[in-house]
Amino acid sequence: MTELQELLDACIRQEIFPGIKEEFEYIKSQEHAGKLSRETRSLLIRKLKQALEKNGR
């Protein structure tokens with residue numbers, strides 16, 4: 001599992017963004033299929049880390 005997939009799972013478990021669980025699952029599938037650009041992946045990782053830190057992991 002990639003860092004991005006782990007962060008997405010953590011956000012789903014902790015209900016950081018409860019209204020977009022399906023979108024997180026879609027992003028995970030795109031990451032698994034290698035369809036995200038390096039820039040998109042980096043941006044998502046940075047933003048998800050910030051959200052998790054803000055919400056106390």
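What follows is a working chat about a predicted model.

Q: Before we start, what are the ground rules for this model?
A: It is a predicted model, so local features need pLDDT of at least 70 and side-chain atom pairs count only at pLDDT 80 or more, while totals for chains, interfaces and linings use all residues. Residues are numbered from 1 along each chain as its sequence is written, and side-chain values use heavy atoms, with hydrogens and water left out.

Q: OK, α1 then. How many of its residues are buried?
A: 8 of its 11 residues, which leaves α1 mostly covered. Buried is under 20% relative accessible area, exposed is over 50%, and partly exposed is in between, with a 1.4 Å probe and protein chains only. Helices here are DSSP runs of H or I with at least four residues, strands are E runs of at least two, and numbering goes from the N terminus.

Q: Which ones are they?
A: Leu4, Gln5, Leu7, Leu8, Asp9, Ala10, Cys11 and Ile12.

Q: And what do they pack against?
A: The buried residues of α1 pack against α2 and α3. Contact means heavy atoms within 4.5 Å.

Q: Gln5 is in that list. What does its side chain reach?
A: The backbone nitrogen of Thr2, at 3.0 Å. That's a polar contact: a pair of N or O atoms within 3.5 Å, where within protein one must be able to donate a hydrogen and the other to accept it, and residues adjacent in sequence count only if both atoms are side-chain atoms. Gln5 has 9% relative accessibility, and it touches Lys28, Glu31 and His32, not counting residues up to four places away in sequence.

Q: Which residues does Cys11 contact?
A: Ile16, Phe24, Leu48 and Leu52, leaving aside neighbours within four places in sequence. Cys11 is buried, with a relative accessible area of 1%.

Q: Switching to the core. How many residues are in the largest nonpolar one?
A: It has 14 residues, and those with the most contacts inside it are Leu4, Leu8, Cys11, Phe24, Ile27, Leu48 and Leu52. The elements giving two or more residues to this core are α1, α2 and α3, and α1 gives the most, with 6 residues. A nonpolar core is a set of buried Ala, Val, Leu, Ile, Met, Phe, Trp, Tyr and Cys residues joined through side-chain atoms within 4.5 Å.

Q: What's Ile27 in contact with?
A: Leu4, Leu8, Leu36 and Leu44, again leaving aside neighbours within four places in sequence.

Q: How many aromatic pairs are there?
A: The count comes to 1 aromatic pair. Phe17 and Phe24 form it, edge-to-face, at 5.9 Å centre to centre with 80 degrees between the planes. The rule: rings of Phe, Tyr and Trp (its six-membered ring) pair if their centres lie within 6.5 Å, with planes under 30 degrees apart stacked, over 60 edge-to-face and the rest tilted.

Q: On to α2. Where is Gln30, and what is it in contact with?
A: Gln30 lies in helix α2 and is buried, with a relative accessible area of 17%. Lys35 and Leu36 are in contact with it, leaving aside neighbours within four places in sequence.

Q: And Glu25?
A: Glu25 lies in helix α2 as well (residues 21-32), and it is partly exposed at 35%.

Q: Last helix, α3. How far does it reach?
A: α3 (residues 38-54) has 17 residues and reaches 24 Å from first C-alpha to last, close to the 24 Å expected at 1.5 Å a residue. The expected span is 1.5 Å times one less than the number of residues.

Q: Which residues of α3 are buried?
A: Ile45, Leu48, Ala51 and Leu52. They cover an arc of only 135 degrees around the axis, so they sit on the same side of α3. The arc is that of the directions from the helix axis to the C-beta atoms.

Q: What covers them?
A: The cover includes α1 (3-13) and α2.

Q: And what's exposed on the other side?
A: Glu39, Glu53 and Lys54. Glu39 has a relative accessible area of 59%.

Q: What follows α3?
A: Gly56, whose phi is positive, near 75 degrees.
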